[in-house]
Amino acid sequence: MTERPEQTQVVVVGAGPVGLMLAAELRLGGARVVVLERLPAPTTESRASTLHARTMELFDSRGLLDALGPVPGDTRGHFAGLPLDFTLPGSHPGQWKVPQDRTEALLGSWAKRLGADVRRGHEVTALTVADDFVEVEAVGPAGRLRLRALCVVGCDGERSAVRELAGLDFPGTDATRELIRADVAGIEVPDRRFQRLEGGLAIAARRGDGVTRIMVHEFGRVAAPRSGAPGFGELATVWKRVTGEDVSGGTPLWINAFGDVSRQVSHYRAGRVLLAGDAAHAQLPIGGQALNLGLQDAVNLGWKLAVQVARKGSAGLLDSYHDERHAVGRRVLSGIRAQALLLLSGPEVEPLRAVVGELLGSDAVRRHLASTISGLDIRYDVGEGAHPLLGRRLPPTVLETAALGRV
Ligand SMILES: Cc1cc2nc3c(=O)[nH]c(=O)nc-3n(C[C@H](O)[C@H](O)[C@H](O)COP(=O)(O)OP(=O)(O)OC[C@H]3O[C@@H](n4cnc5c(N)ncnc54)[C@H](O)[C@@H]3O)c2cc1C
């Protein structure tokens, strides 16, 4: 162990998309930041593949879209598997298809370019919170590392070590329903978007390379706690029961299971310890909302924390991170739970699906749901006032100035 701890201003734990976005935002605000990441190399799993309008606007405002390159966008999305048109006013309406490893690569190189110190292969194992500093201990390639900082932010995912080490509660419910998903080579099944069959829900999409992503939920099957990914045999059995098709001869390339867990920390900030992304909220990953929610946590927190540590800002500003993002997270998680109930319940939910399907024909309902999922309707509570933009994002606007003309 080193005699004296290294010093920085902020330690970010986790170099997933949220930790990398936060590190870059902290650098933009002038704060010194070290990111500690357990994995020696970035994950290559595609995971969340949707960026929503609000995130695209944020990436645009940071000049990141050119580096992201061409991105297929589509205004056709869904709410609980019911078609939902995402056409809305704004610069990037719709859903933008970007595999998560590409988003992470973009944010990783941006954070490093801005001067974030990203250290891979470092697993955080201990945390000490004192009156005027935090000390984070990690095990890395060169042994134990001690880092002293003004604050630590856990961006270390659903099973957050920072959350555990700081003793922060994580109230909510565990998953009771589960989807099993795999990328499978060598199978021939019909493409299905969200097909509700008698015994369950089946989704299948064949990619250009011949690999098919299949996803299945069997109505009424209670999710048991898992210690790892399910086997392909289990998936093939459930798929057969739900669709009647035999995929057991295929070759699985990636399998995982996920469920309708819904948990949110009571406080996004406990003194010098903060949480963002999946570390602060766990949810069914439907429609990329978890990723987008987390990226927007990072943007809300980054500049406030930078002001706090680099320029000794007021604690009230930093507390507004919890006030604003906990409320947004609560609402998003509630919408995700509603979608999970509509999508993963058995035939008894059909009458309700029919009513919701009819309501989606109303433009006001369509716009309401599309704006919520896109993150365009967020309104932070910033006090009394009548202006329609109070607490909202400034929509993309053309400015005309004498010096610059139209920008
Ligand atoms: C297998 C899988 C499939 C998914 N599929 C989808 C999907 O299809 N659609 C969808 O919308 N969402 C999906 N998600 C969810 C989505 O990926 C997350 O919402 C998103 O990654 C959250 O980003 P994050 O940065 O908060 O956390 P993560 O991406 O989980 O990043 C956390 C990082 O912290 C690191 N870490 C953890 N503990 C420590 C420690 N002690 N010390 C140092 N580093 C640590 C981890 O290695 C990881 O890199 C999936 C997630 C997983 C895991």
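Helices (H or I, at least four residues) and strands (E, at least two) here are DSSP runs, numbered from the N terminus.

**View 1. The whole chain.** This is a predicted model, where local features need pLDDT of at least 70, side-chain atom pairs count only at pLDDT 80 or more, and totals for chains, interfaces and linings use all residues. Residues are numbered from 1 along each chain as its sequence is written, and side-chain values use heavy atoms, leaving out hydrogens and water. You'll find ten helices and 25 strands in the chain. Buried residues (under 20% relative accessible area, 1.4 Å probe, protein chains only) make up 52% of the 407 residues.

**View 2. What sits around the ligand.** The shell holds 29 residues, with Glu37, Gln100, Val124, Arg181 and Asp278 the closest; a residue gets in if one of its heavy atoms lies within 4 Å of the ligand. By type, that's 13 nonpolar, eight polar and eight charged, with Gly counted as polar. At least two shell residues come from each of α1 (17–28), β10 (123–129), β19 (251–259) and α7 (289–311).

View 3. Look for pairs of N or O atoms within 3.5 Å. A polar side-chain atom of Arg181 is 2.6 Å from a ligand oxygen, and one of Gln100 is 2.8 Å from a ligand oxygen. Arg47 uses a backbone N or O atom instead, 3.3 Å from an oxygen of the ligand. On its own the ligand exposes 990 Å², and the protein buries 86% of that (Shrake-Rupley method, 1.4 Å probe).

Notes. A polar contact is a pair of N or O atoms within 3.5 Å; within protein, one must be able to donate a hydrogen and the other to accept it, and residues adjacent in sequence count only if both atoms are side-chain atoms. Buried means under 20% relative accessible area, exposed over 50%, partly exposed in between (1.4 Å probe, protein chains only).
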